[in-house]
Amino acid sequence: MDMLKDMNEALRYIEEHLDSDIDFGKVAKIAGVSEFHFRKLFSYLSGMGLSSYIRSRRLSQAASDLQRGKERVLDVAIKYGYDSADGFSRAFREWSGMNPSEVKNSDQFKAFPRLTFQLTIRGGMDMEYRIAEKDAFKLVGIKERVPILFEGQNPEIMKMVQAITGDQREQLQKWRNTEVQTVVNASFHFDEGRLEEKGQLDHLIGSITTLEGDFDDFDVVEVPAGSWAVFSLEGPFPQKLQDTWSKIFSDWLPSSNYELIEGPEISFNGDMADLQNVYSEIWIPVTERNE
């Protein structure tokens, strides 16, 4: 698969520059995608943030250099981008559980192997999607910064739902003037630790509208015109929705001709009377990948 080949070439460049500055613009160019998409895709494929991976690889290489005993701790620290031996020692101790000076006389030390991406064929899941061009619109609703949570219903988001008053729901309903005539959930501004279920994101509960004017005290997010990958699904809620989110980033994006662009990731649901058979849609902002 060409995209996996390009991603591995980008990782090879990173590997060759662990002891120097890494040009992330060049990394993205090698991968054939934007830097934003490379970072997101790396996280979804590897389960860790790119910065965390590079930090661990540099410390692993530093451990190997120290074990050979040919360089001073300060020299190794500077080689792998640390300004001082103290800063390096703290980072190394947090990562490995031992001081850099102890590695030379130890026959055991922590290592973090180089990563490569490979295509694995697993049990499949049907994914019904279309690429839709949409005019600019607004997300209007209640927005909060909430913890990232993969499984089950996020208690902080549930608190948001419960805090919305009847009057607020009625007003949000009045502003819905597109084909989406239901409550939408939108997530954006993710922390880097997203795939490790760490950090937070901005979450908005509300409406999609193209109306102009005063939206009272509601939060408003302007969304520009562009292309969206729209996934339609039906099944047990929220399991089916969460499984589809995972498959989009682990399977669909790496094999498609599209890359993720910065913007809100949106979902909404149909009739919730039967939680074993709920219709949902997921929208993610994309652009066609340059080959």
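The largest nonpolar core holds 37 residues, and Met7, Ile14, Phe38, Phe42, Trp252, Ile282 and Ile284 touch the most other members. A nonpolar core is a set of buried Ala, Val, Leu, Ile, Met, Phe, Trp, Tyr and Cys residues joined through side-chain atoms within 4.5 Å. At least two residues of this core come from each of α1, α2 (24–31), α3 (35–46), α4 (50–68), β6 (226–235), α10 (239–255), β7 (258–260) and β9 (278–288). Helices (H or I, at least four residues) and strands (E, at least two) are DSSP runs, numbered from the N terminus. Helix α1 gives the most, with seven residues. The model is predicted: local features need pLDDT of at least 70, side-chain atom pairs count only at pLDDT 80 or more, and totals for chains, interfaces and linings use all residues. Residues are numbered from 1 along each chain as its sequence is written, and side-chain values use heavy atoms, without hydrogens and water.

Leu4 lies in helix α1 (residues 2–16). Leu4 is buried, with a relative accessible area of 9% (buried: under 20%; exposed: over 50%; partly exposed in between; 1.4 Å probe, protein chains only). Leu4 and Pro254 are 250 residues apart in sequence, yet 7.2 Å apart in space, C-alpha to C-alpha.

Beyond its neighbours within four places in sequence, Met7 is in contact (heavy atoms within 4.5 Å) with Ala31, Phe38, Leu41, Phe42, Leu45 and Phe117. A second, separate core of 16 residues includes Leu204, Val221, Ile266 and Phe268.
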